[in-house]
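Take a look at the chain below. Then read on for a short tour of its helices, its core and its confidence values.

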Amino acid sequence: KDASDIILMDDNFRSIVSAVKWGRNVYDSIAKFLQFQLTVNIVAISTAVIGAVVLEESSLTAIQLLWVNLIMDTFASLALATDTPTEAMLKRKPYPRTKPLISERMMKHMVGQSIFQLAVILTMTFAGDKIFGIESGRKYDRPAGATGPTVHYTMIFNTFVFLQLFNEINARRIHDELNVFEGIFANQLYLGISVVQLVLQVLIVQFGSLAFNCVALTGTQWIICLAIGAMSLPMGLFLRCIRLPVFFTICQEAEPVVLVPTVRTKELWIRGFKRLRTQIRVVRAFKRSLSQRKLTHYE
């Protein structure tokens with residue numbers, strides 16, 4: 001056992017196939033979560049920095065970012081890690097050890113979604129009041145001494161959350177599969193978590209004015225936020241249809257690593273060979289004993 005690479009505990013070779021599927025599924029789950037989490041971080045940090053530099057305030061408050069962080073870490077990790085392995089995973093070639101965890105396709109989606117979401121949030125921040133016909137929530141446009149939440153910034157926060165919820169669906173597939181909804185209804189936990197996120201977002205916006213610095217929105221404003229957030233899905237489809245040129249390499253594979261056997265590895269191999277030689281000697285001695293008994297019996 002010490003010198004073996006694989007140990008079958010149930011004496012069933014089908015366990016190897018199952019182990020390969022679950023191993024690839026775990027790898028994909030980690031990659032899905034990283035793609036989603038890094039996209040949210042890029043957009044949130046960029047929005048906060050640009051707002052602080054240009055407007056001397058961020059359109060997303062600290063408590064709102066904490067709620068986004070809860071969506072990003074807790075709920076997203078549970079939702080994206082609960083997809084069961086499929087037979088299609090066995091058709092893929094195995095990943096080499098030098099393959100980076102963040103692939104070129106993942107980087108393409110992260111950069112593309114980040115640019116798109118950041119463009120949406122900044123457009124709503126600097127021109128949303130004129131586009132939607134509402135009062136500006138920007139610091140320099142508010143009356144002197146006016147404080148408290150505004151419809152303008154509430155719509156920005158609501159749209160930002162919906163962008164992440166719909167992009168979470170995009171993150172379910174990291175190999176440029178066109179159908180991101182495949183198997184979504186078979187994952188009851190994912191659907192349940194998505195419903196919980198949506199319900200909590202509605203409660204926060206409509207009834208969490210004091211804690212989350214929000215104003216209750218009208219039905220039309222909710223539809224606008226939902227429609228803009230849903231644009232993450234066609235954006236994801238557009239990115240999946242893009243093929244990166246050969247010369248455009250974002251994440252190159254690292255140079256092959258030469259594995260030098262350690263002292264422990266050598267000891268295990270030597271121990272394994274010694275045991276094998278001992279077993280061969282026992283078998284040979286047993287055969288000689290049987291041969292001698294047969295000769296004695298014939299004599």
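This report goes from the overall fold to one helix, then to the core and the confidence.

**Ground rules.** This is a predicted model, in which local features need pLDDT of at least 70, side-chain atom pairs count only at pLDDT 80 or more, and totals for chains, interfaces and linings use all residues. Residues are numbered from 1 along each chain as its sequence is written, and side-chain values use heavy atoms, with hydrogens and water left out.

**Overall fold.** The chain has 9 helices and 0 strands. Helices (H or I, at least four residues) and strands (E, at least two) are DSSP runs, numbered from the N terminus. Of the 299 residues, 35% are buried. Buried means under 20% relative accessible area, exposed over 50%, and partly exposed in between, with a 1.4 Å probe and protein chains only. Contact means heavy atoms within 4.5 Å. Among contacts with a separation of 6 or more, 80% join residues 24 or more positions apart.

**Helix α4.** This helix covers residues 151-170. The expected span of a helix is 1.5 Å times one less than its number of residues. Because 19 of its 20 residues are buried, α4 is largely enclosed by the rest of the structure.

**The core.** A nonpolar core is a set of buried Ala, Val, Leu, Ile, Met, Phe, Trp, Tyr and Cys residues joined through side-chain atoms within 4.5 Å. The largest one has 46 residues, and Trp67, Phe157, Phe160 and Val161 touch the most other members. Helix α4 gives the most to this core, with 11 residues. What does Trp67 contact, leaving aside neighbours within four places in sequence? Its partners include Phe75, Phe157, Val161, Leu200 and Phe212.

**Confidence.** pLDDT is the predictor's confidence in each residue, from 0 to 100. The chain has a mean of 83, and 89% of its residues reach 70 or more.

| Helix | Residues | Mean pLDDT |
|---|---|---|
| α7, highest | 219-230 | 94 |
| α9, lowest | 263-298 | 75 |

Over residues 253-257, pLDDT stays under 50. The model has 8 contacts beyond four places in sequence for these residues.

**A record entry.** An unreviewed UniProt entry places "domain: Plasma membrane calcium transporting P-type ATPase C-terminal" at residues 268-290. Such annotations may be inferred rather than shown by experiment. In the model, this span is 100% helix, and its end C-alpha atoms lie 33 Å apart.
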